[in-house]
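Welcome! Work through the exercises below with the structure open beside you, and try each task before reading its solution.

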Amino acid sequence: MPASATNGLRVAVLADSDTRWKWGALTANRLTPEHSDIRLDGFLLRGRATPTARQLDEVGVRPDSLREVTGVEFLRAMTRDSYDVIVLALVGGGVQAMLHGLRAAWGARAKRPVIVTGYVGVVYEKLADGLLLRHGADLVLANSRQDADRFRAVYEGVGADASAVTEVALPFLGGKPYAGRNDPYTVAFAVQPSVPDNRRDRTYLLNRLIQHAKLHPDREVLLKLRSKPGEHTTHIEELPYQKLLQRLPEGPPANFRLVYGNMGEVLDTTDLLVTISSTAALESLHRRIPTVVLTDLGIRETLGNHHFVGSGCLASWDQLDAGYEPTPDPEWVARQGVVADGSYATAFDAARDRIAKLVAADGLPPLAPYYTPVTAPGYLPGILARHHLGPDGDPLPGAPAADKQAGPVRQIVRRAARGAYRHGVQRVAPVIRRMGEL
C-alpha cells in the first residue's frame, strides 16, 4: 500500500551539496499537488560537499527530518521505510549508483517509489555523460524547452528510452518582478566557486568590480559569495574571493561590500546582475532585472558563458563602466523557461500529473538504467564501487552502513577529516599545481 493512501504523500530527497539540496527540496514541493499533505524527509550524502548547518539554514527549506547518510545507509532506509517519491539530487555518478542500488535492494518488488532526478541549473558541459548517468529514473527533469529537446536527442541517439524526460522549470525561480531603479542603484556580481579556475582571472574580475565601484560612487556594488572559506558547495572553490580581497594592496571603497545569504533576497534590491555564467542569471532574467554575462575572459565552453550566446546579455566590464544595460532576447529567454509568457506557474503541471499516475499505479517495472554490466562493463563498476556497491548493485563487504548516529569521537574524527580535505583542496593543491608549472 502506498504511503499516500494513509499519511499523505511521502517524499525522500537525497542531496550531496547545498545547491542540490535546495534544488531537490524545492522540486519535491513543486511536484506535489497543490494543497496536498506532504512529508519531506531529507538525506545528505556524506562527502566532501556535505552542507554545513549555516548553508542549510541559508537554503530556507525545512524538512520534516534531515540526516547525513552514506549511500548504503540511504539504500537500507529506502527498503525499510515507505515512500511515494524519491528525488535524487546528486551528481550523475551518484544518481547512477543509487539507481542500481535501489534496483538490487527492491528486487522483484512491484510497488516501489517513483524516482525523480534532474539538473540544478544550466547544463553546459558533459551533456551526454551526465544524461546517461541519470537514465533509468522514472522522471528526468529538464528545466526548459531547450533542455528537454537536447535530453531526448541524446537518449534517442543511443537507442535509450527517452520517455522519462519531462519539461519543468528551475524550482527556485520566482520573487517579485523588478519594479525599477533602487536607491541606491545596486550592482551585484554573483560569483561561481569553480569558474574561472585560476588566480589571475579571479583577481582580474575582483579588480574590475572594485574599479566599477570607484567609477560609480553613487552605486552600491555587491560581491555575492556562495560560501565562506572552508565550506564547500556543488563545485570546489580553491580560490575564495574573500582571500583574494585580503591580499589586494588597496582596500575596496565604501560602496563595495561582501554579501552572503539567499540569492533571491539579494535580487530583491538588485538593479544589475553580473556574472560569468551562473544560474543566478536565469533567476535575475525571470524577474526582468537587467542581467549581464561577462565576455571579458572570452566566450568559452570552459566558462559556461557560451550557453548565453543569443541571449542579448553578453557584455564586458568596459561597457558596464560606460553605463550599458542589456536587453534580453525574448525568444531566447522563453526557451530557457524563464518569463515565458507567464507560464511558469504551470511549468510543473505535466510532471505532477505523471507522478500522480505513477504513484496510483498498481505497480511499476524494475528500474532499467541504460548503463549495465553489458553496455558499460569498463565504466559502470568503477562508478558503483565509489559508493561501495558491487557490479550487481549490492553493497560490497565492509561497506559503511551503520544505522545509528555516529558517536562523539566518530563525529569529531569525521569533521577533522573533512576539514583536512578542504584544507588540502584550498591550500595545498594550488601550491602543488604552481610548483608543477615552474
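Helices (H or I, at least four residues) and strands (E, at least two) are DSSP runs, numbered from the N terminus. This is a predicted model, in which local features need pLDDT of at least 70 and side-chain atom pairs count only at pLDDT 80 or more, while totals for chains, interfaces and linings use all residues. Residues are numbered from 1 along each chain as its sequence is written, and side-chain values use heavy atoms, with hydrogens and water left out.

## Exercise 1: the seven-strand sheet

Task: give the strand order of the open sheet of seven strands, and say which strands stand at the edges.

Solution. Two strands pair if DSSP finds at least two bridges between them. For angles, axes are lines fitted to C-alpha atoms, for helices over the stretch in contact, and values run from 0 to 180 degrees between N-to-C directions.

Strand β2 (residues 38–45) runs parallel to β3, joined by five bridges, and Leu45 stands opposite Val69 in β3. Helix α4 (residues 71–80) packs on the sheet and touches β1 (9–15), β2, β3 and β4, its direction making about 135° with that of β3.

## Exercise 2: both faces of β5

Task: decide whether the two faces of β5 are covered or open.

Solution. First, a reminder: in a regular strand the side chains alternate between the two faces of the sheet. On one side of β5 sit Val114, Val116 and Gly118, on the other Ile115 and Thr117, and all are buried. Five of the five residues of this strand (residues 114–118) are buried, so β5 is largely enclosed by the rest of the structure. Then check a partner: β4 (residues 85–89) runs parallel to β5 and is joined to it by four bridges, with Ile86 opposite Ile115.

## Exercise 3: the six-strand sheet and α8

Task: trace the open sheet of six strands, then describe how helix α8 lies on it.

Solution. The order is β10-β9-β8-β11-β12-β13, again with parallel pairing. The edges are β10 (256–259) and β13 (314–315); each has a single partner strand, so one side of each lacks a neighbour in the sheet. β12 (residues 291–294) pairs with β13 over two bridges in the parallel sense, and Leu294 stands opposite Ala315 in β13.

Helix α8 (residues 199–215) lies across β8 (186–190), β9 (220–224), β10 and β12, running at about 160° to β9. Its buried residues, among them Leu205, Leu206, Leu209 and Ile210, pack against β8, β9, α9 (241–246), β10, β12 and α12 (317–321).

## Exercise 4: two residues in context

Task: state where Val293 and Pro366 lie, and which residues each contacts.

Solution. Val293 lies in strand β12 and is buried, with a relative accessible area of 0%. Leaving aside neighbours within four places in sequence, the contacts of Val293 include Thr275, Ile276, Phe308 and Leu314. Pro366 lies in the loop between α14 (349–360) and α15 (380–385). Not counting residues up to four places away in sequence, Pro366 touches Arg103 and Arg112. The C-alpha atoms of Pro366 and Arg109 are separated by 7.9 Å, although these residues are 257 apart along the chain.

Conventions:
Contact = heavy atoms within 4.5 Å. Buried < 20%, exposed > 50% of the residue type's maximum accessible area, 1.4 Å probe, protein only.
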